[in-house]
Amino acid sequence: MSLDKHLETLENESIYIIREVVSQFNKPVLLFSGGKDSITLVRLAQKAFYPAKIPFPLLHIDTGHNFPETIEFRDWLAKKLGVELIVRYVQDSIDQKKVKEETGKYASRNSLQTVTLLDAIEEFGFDVCMGGARRDEEKSRAKERIFSVRNDFGQWDAKKQRPELFTILNGKIHFGENVRAFPISNWTEEDVWNYIKQEGIKLPSIYFAHSRKLVERDGSYIAFSDYLNLVDSDKVLEGIVRFRTVGDMTCTAALLSNATTIEEVMKENKSSKTSERGARMDDKRSEAALEERKKIGYF
């Protein structure tokens, strides 16, 4: 089935960006989480270089608190495509005393990923990291350019973004600087789901309704796991849920849902009164939580 005109335009733009990344930088890498956006990005990279293999590795910063379904899918996809998969672990950063494990009810390793990522960039000498972030996800991501320059400390400054006129992408950087590139920056959540549907892309099972053990906390449902710091007010129960976005098990809330197909998921998303990242509890720590993490080197 051929793509409709809108998706074809988005696909062509993304493939152009990916090819520009490879042509302008010495050592690119694709940040892979096992979520739908990074999976879409992998499919676009396949198309950009077909019939050759993807000419750069995938990098996953593993917090140790991931959903088992996404880890299983990550390993399966890398093996299926014959692409190099690099995994670096937040636990190693904790053991090396570079970061400190959070404590308390809302403890999460999400922000700790930054140090592990920056160490991996330095270890392998990556000068550009491609990610699946989209401008429609969150207001701080709407400030990003497609080529987002980070300084030699991995930090992002929204006031020092380069203009990108007439699809001209400037990848020139000074020694020590790094770039984050976002090939699907102009896509929406609906675009991603439509593309997944038309391309027949496989996803981890957690994106569709399934039964699992949950913790009801502050009006939200979190996947039960050994990583949660349970408190007396938490209520453990079973439920039929799916996940609209995928982060750590400790900070990603589930949606009560019976949607088992892409069509049903899209219908629910369209009628929802909350945003895609509304289920990311780590974004609710402050009004500018994601932007603050980005300033110190987050994805």
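This is a predicted model: local features need pLDDT of at least 70, side-chain atom pairs count only at pLDDT 80 or more; totals for chains, interfaces and linings use all residues.

Asp218 is found in the loop that joins strand E7 (210-217) to E8. Asp218 has a positive phi of about 50°, although it is not a glycine. With a relative accessibility of 52%, Asp218 counts as exposed, because the cut-off for that class is over 50%.

A second residue with a positive phi is Lys97, at about 65°, and it is likewise not a glycine. Lys97 belongs to the loop between helix H4 (90-95) and helix H5 (113-124). Its relative accessibility is 74%, so Lys97 counts as exposed. The peptide bond from Tyr50 to Pro51 is cis, with omega near 10°. Pro51 is placed in the loop between H2 and E2.

Strand E10 (residues 253-256) pairs with strand E8 (residues 220-223) in the antiparallel sense over two bridges. Val241 has Leu256 in E10 as its bridge partner, while the bridge partner of Arg242 in E10 is Leu255.

**The open sheet**

Six other strands are arranged in an open sheet. Their order is E3-E2-E1-E4-E6-E5, and the pairing is mixed. Which strands stand at the edges of the sheet? They are strand E3 (85-89) and E5; each has a single partner strand, so one side of each is left without a neighbour in the sheet. The twist in this sheet averages 30° from one strand to the next.

Leu59 has Ile86 in E3 as its bridge partner. In a regular strand, the side chains alternate between the two faces of the sheet.

Strand E5 (residues 147-150) contains Arg150. Is Arg150 buried or exposed? Its relative accessibility is 0%, so Arg150 counts as buried. The side chain of Arg150 also makes a polar contact with the side chain of Glu144, at 3.1 Å.

**Helices**

Helix H2 lies across strand E1 (28-31), E2 and strand E4 (128-130), and runs at about 140° to E1. H2 (residues 36-49) also packs against helix H1 (residues 5-24), at an angle of about 75° and with the axes 9 Å apart. Because of that angle, H1 is roughly perpendicular to H2. By class, the contact of H1 with H2 has eight nonpolar, one polar and three charged residues. On the H1 side, the residues are Glu11, Ser14, Ile15, Ile18, Arg19 and Val22. They meet Leu41, Leu44, Ala45, Lys47, Ala48 and Phe49 in H2.

Helix H5 holds Leu117. At 0% relative accessibility, Leu117 counts as buried, because the class covers values under 20%. The C-alpha atoms of Leu117 and Glu11 are separated by 28 Å, and these residues are 106 residues apart along the chain.

**Accessibility of selected residues**

The table gathers the accessibility values discussed above.

| Residue | Relative accessibility | Class |
|---|---|---|
| Arg150 | 0% | buried |
| Leu117 | 0% | buried |
| Asp218 | 52% | exposed |
| Lys97 | 74% | exposed |

Conventions. Residues are numbered from 1 along each chain as its sequence is written. Side-chain values use heavy atoms; hydrogens and water are left out. Helices (H or I, at least four residues) and strands (E, at least two) are DSSP runs, numbered from the N terminus. Buried means under 20% relative accessible area, exposed over 50%, partly exposed in between (1.4 Å probe, protein chains only). A polar contact is a pair of N or O atoms within 3.5 Å; within protein, one must be able to donate a hydrogen and the other to accept it, and residues adjacent in sequence count only if both atoms are side-chain atoms. Two strands pair if DSSP finds at least two bridges between them. Axes are lines fitted to C-alpha atoms, for helices over the stretch in contact, and angles run from 0 to 180 degrees between N-to-C directions. Angles under 35 degrees count as roughly parallel, over 145 as roughly antiparallel, 65 to 115 as roughly perpendicular and the rest as oblique. Contact means heavy atoms within 4.5 Å. Ala, Val, Leu, Ile, Met, Phe, Trp, Tyr, Cys and Pro count as nonpolar, Asp, Glu, Lys and Arg as charged, and the others, Gly among them, as polar.
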